Structures are given as structure tokens and as C-alpha cells.
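Trainee: Could we go through how the strands and helices are arranged in this model?
Mentor: Gladly, let's begin with the picture itself.

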Amino acid sequence: MSAATRRLTTAQALVRFLAAQYTERDGVRHRLITGTWGIFGHGNVAGLGQALVEYADVMPFHQGRSEQAMVHAAVGHARQLNRLRVQAVTTSIGPGATNLVTGAALATVNRLPVLLLPGDYFASHAADPLLQQLEHPVEADVSVNDALRPVSRYFDRVTRPEALVASALKAVRVLTDPAETGAVTLALPQDVQTEAHDWPEEFFADRVWHVRRPAPDPAELAEAVRAVHAAERPLIVAGGGVHHSEAEQALKALVDATGIPVASTQAGKGALRHDHPADLGGIGHTGTAVSDELARTADLVIGVGTRYSDFTTASGTLFQRPDVRFLNLNITAFDAHKLAARTLVCDARTGLATLAEALSGHRVDAAYEAEYRAGKARLEETVRAAFRADDDGAVPTQTQVLGALDAVVGDEDVVINAAGSLPGDLHKLWRARSPRQYHLEYGYSCMGYEIPAALGVQQAAPDTPVWALVGDGTYLMNPTEIVTAVQEDLPVKLVLVQNHGYASIGGLSESVGAERFGTDYRHRAADGSFTGAPLPVDLAANAASLGMDVLRAKTVRELREALVAARAATRPTCVYVETAPPSAALPAEAWWDVPVAEVSAREAATAARTAYERSVADRRHHL
């Protein structure tokens, strides 16, 4: 007797399959694919487009305006939901598909899952060359979608209907694997999408993917315990893996028992609540003075769920004690072995709980604890000074904008940012009150991430106030999803900070001898110099034209009132504020390697090179 089958097109089968996939961790089950973002064109409208119409009851659809932005929205959604739930993104062939590359890179760099379903050429090659098809003279099976290979954790081109079964299962395995996840791409030739096939009914049965929590190897654990016992000045570096594993309480229990202080990466901030006595704020180039001072004298650095980017290590110059050693707890062996570390390859929550049990009774020296608590007190005064506004009628500085927002948000609000000068101020100053409040995409630091990511987060947490913080440069990169927020009735809050140029890169340009070239938005004179007059551009009016309610704030007082009103708003709302130059810019507490011209006829570049050579001399290879 033959097994039961169902006759569907390839696209219909894929949608039905995705609707039946689930994750399970700690006994809690979640639907894996919560919805599909799409922009239709030739290459996906007749295949996936038709399938999504046919199965709208089991697969929610979200209409995007920019392919890159759709991926950002899906990534923000997955991060908010601890990587246990995912969104798919479908595009047409050609520019729609290549517009996915930046979003895919961001997802894979940050170890965040997203399913990409771009249309592709005719597998039959019956219509070659078709509109938007890239023709390769010696590789006829190449299309623009191959640009997604290096930025995807899994890639396949489904050239026959029956090939979908194996490919779809492999794709979901990667999406749900905590060590391997990232962007997953199934390139779908447009003729194959519409071909019918007799599919086994088992393909559409509910399938639950267990998200494992591997425990540490006993030998590695014993080595780790010996390392902690031997350390006089241990320091934990908390990365994004703490959040992905929901390990915040396990980290707190370990810290409460041992007194080991915690500094956090951009992705890890909020691993401890800001007012915990052992939370020292950010680490590295954008870190706090107390974190970086302790990092320079630490004899054991315990990395938890971090991949040690150059911002975290200050390009290899931060951890300066001659005998410093590293202990890395990470679910990915690739990251655990960085900096020649002892390794604990395991789930963050399981590993931290096991380590805490094995260290029962151990605590750092009281003098060390008193030292870092004194440093934390100095940090608190720095934050208060940066946030304080003595004149309510004055134009706010950028740090005062953050201070006003800090006074308005609740514990569960989510604050999203990715690029510009805001990440540095946020990493140093923001007082994270819950694990999901601080949402900084700084693995790829992609301008234009914030607004679409806010949509994905708002979909994941519909009753939570979600704030996208953007500067003028970032806003101009990707404002289009404001329209989507209006269409989907997502009450995201946008704080649009206008400072008439690229503040972060402008400062960096000046420091490396490039003299702020190409970083200003003012008018240029005939000789190429700036006239100083701002461009007649009204970004607030632009946001309003896309459907947002806009509140303009010119003073600190008006800003506070606008933020309160925005938080209470039930539809997409923008708070627009022009900022004054900071009265006392917060300096970087650690270096960052941006190579400077070795020879130049310009004095600024020559001076910058001299400073660069002094700093680069401090770089270490940790062996």
C-alpha cells in the first residue's frame, strides 16, 4: 500500500512545511516561523506569492518596502525572542535578491537566525536570458543569489521539487542550532516554485526541534575551576550569548556567590541590571573607565557568550597584565578558543550554573571588591553628570537626550540603536533595567537597522514600548519602513537626533588626519569648503509625510514632554530634536585600531600617524 501524498506546488509545499515547524527549549514549545516578509516581483509573485495567498490562514504575511529592511526586521524579531522564533523573507530575482546581502551579513555576524527565500532563474533555462538574470560565460548555474553564499550559514538552490525535502530540513536544522545559526538561504528558481509534485504527508506533520543546552566537559570544568581559584583579579566579560541562552539569572547567581565583577559587550549589556553592585557597564573602546581599568589589570578574563570583536579587546591592546589568561564559556567552539583561552564549550546558562556549583564557597578578595565598587560609584557620577540638564530651556546635548529618555522609559521598554555616535554614548551611559531593554546591533553596526528592527521587536512584544534611536545620517539610510509601521499599526517610537552630519565618523576622520572630509551635511562653496549653512532639509516633515505623528522638541523641557507623549502614543510617533554640541565629550577609555596614512604632506595626517604608532605598540598576541 503506497504512503499518503499530497499534490502541491513546490512553493505551496514550502509554506505548509514551514508552518508546521516548532522549537522547544526547557519544555516550552514555540512556533518557529512566525511570519513572512515579502516584496513581490517576477521570480516570486507567481510561486511564493500565490502560496502565501492560499495559506494565509497558517502563515502571516508582512509587506515591506525595502528588502534589506525586511531582513533587519526579521533579525530584530529573532533577537527579541531569544532566537527561538524566526521570520522568513521573500524577494524577487535580481535587485530584490541582492538587496538581501547586507541584512544576511548582519544576521550571520550576530549569530541571529533569518530565513531568506529569493526568487531565481529558470532551472530549465528555457527562457534564458531573462530579465535581471546575471549571465556568467562559463558557469551557467550561477545567479546573483550566489552573492548570498559567503554571508549565509546554509545555502541551497532548489532546482527540482523533490530536492526541497532534504533542503528544507537542513535549513531548519541550522536555523534552530544555537552554535551554527545565522542567515539561511533557499534560492528558489521561479519555474520550480510553480511545479506540482506528490509530497509525502509526513513532510507536513508537526516537527519539534529541541534547542539543546549542552553541559561543560568535566575535564574542562575542572580546569576552569582551578583557573578561577588561582585568580586574584578575575573579570567576567558578558556577551550576547548570555541573552540568547536566557542565562541572566545564572550569571547573577554566580556573581552574587563569588563577587566577580562583570563588564559587558554591546550585545551583552543588560546581562546584569545596571544597579547590581558588580555591574561595571560596557567594556572596550566604548566602555566605561572602571571596566577598562579592571581589564588592564585582570589576571583572568572569563568571556561568556562573546566573540571578542576589536571594540571589545581595544584591537588587542586592552588586556595588558603580562600573566593574563582567558577562560571562555561559549556554545561555539570557534569562539571559545579565541585568545588562546581555556574553554568551556557549553550552553551559557548550563555552564554558568555548573561553574557556580563547582565554585561553592569561593569569593574574591574583599579589597578587590571594594576597589571595583568604588569605581562603579565614580561611574554613576559620570552618568548623572552627562544626563543632567541644569537649564530646561536650553537646546539639549546628545547625552541629555539619553538622560531625558532614561527618565521616561519603564523597565521593559526596548531601546534600539546600531550606528553613529549614539552606540558609544549608550554603551558608556545607558542604565539597562531588564535583559531585553538594550538592543544594540554592533556586530555589523549597520546604518538603517534601527527603524525596521523596531518593527520586528514590536511584533515580538506587542505590548512593550519600543524606541528606535537614530541620527540624521542613519535616518536617511533607511526610513521606508515607517510606512510599514503605519500599515501594520505598530506603535513604534522614533527618536530622531539631528546634528547635521556624521558625528561619529566625523570625529574619527579628524583623529586619523582626514580632517572631517565628507562627513558634514552643510552647503559647499565653489572651492569645496563648507559655507556653514545647514541644508534646507526637514527630516521631521519627511517622517510626517510617511505617516508618523511627529513631535518637535527644541529645548530640554519640550523634549521631556514629547518623550512622555510618545511613550503613551498608540500609533507610530517620532520625537525630532536638534542637539547642541556636548559641553564635555566623553572620551574613549581604550584604543581602536584604524590605520593612519604612513606618509602624508598634510600636517594633520602626520601628527595622527605619530599617535597611531604609539598606540599600536601596545597590541598583544595572547598566547
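**Sheets and their helices**

Mentor: Helices (H or I, at least four residues) and strands (E, at least two) are DSSP runs, numbered from the N terminus. Axes are lines fitted to C-alpha atoms, for helices over the stretch in contact, and angles run from 0 to 180 degrees between N-to-C directions. This is a predicted model, where local features need pLDDT of at least 70, side-chain atom pairs count only at pLDDT 80 or more, and totals for chains, interfaces and linings use all residues. Residues are numbered from 1 along each chain as its sequence is written, and side-chain values use heavy atoms, with hydrogens and water left out.

Trainee: In S25, which residue is the bridge partner of Ala553?
Mentor: S24 pairs with strand S25 (residues 573–578) in the parallel sense, over five bridges. In S25, the partner of Ala553 is Val577.

Trainee: By what angle are neighbouring strands turned in the sheet S5-S4-S6-S7-S9-S8?
Mentor: That open sheet holds six strands, again with parallel pairing. Its edge strands are S5 (61–63) and S8 (154–157). On average, with direction ignored, its neighbouring strands are turned against each other by 20°.

Trainee: At what angle does helix H6 run to S9?
Mentor: S9 (residues 183–189) is joined to S7 (residues 114–120) by five bridges. Helix H6 (residues 163–175) lies across S4, S6, S7, S8 and S9, and its angle to S9 is about 160°.

Trainee: Are H3 and H5 roughly parallel or roughly antiparallel?
Mentor: Helix H3 (residues 67–80) and helix H5 (residues 101–109) pack at about 20°, with axes 7 Å apart. Angles under 35 degrees count as roughly parallel, over 145 as roughly antiparallel, 65 to 115 as roughly perpendicular and the rest as oblique. H3 and H5 are therefore roughly parallel.

Trainee: Which residues of H5 make the contact with H3?
Mentor: On the H3 side, the contact is made by Gln68, Val71, His72 and Val75. From H5 come Thr102, Gly103, Ala104, Leu106 and Ala107.

Technical notes: Pairing = 2+ DSSP bridges. Contact = heavy atoms within 4.5 Å.
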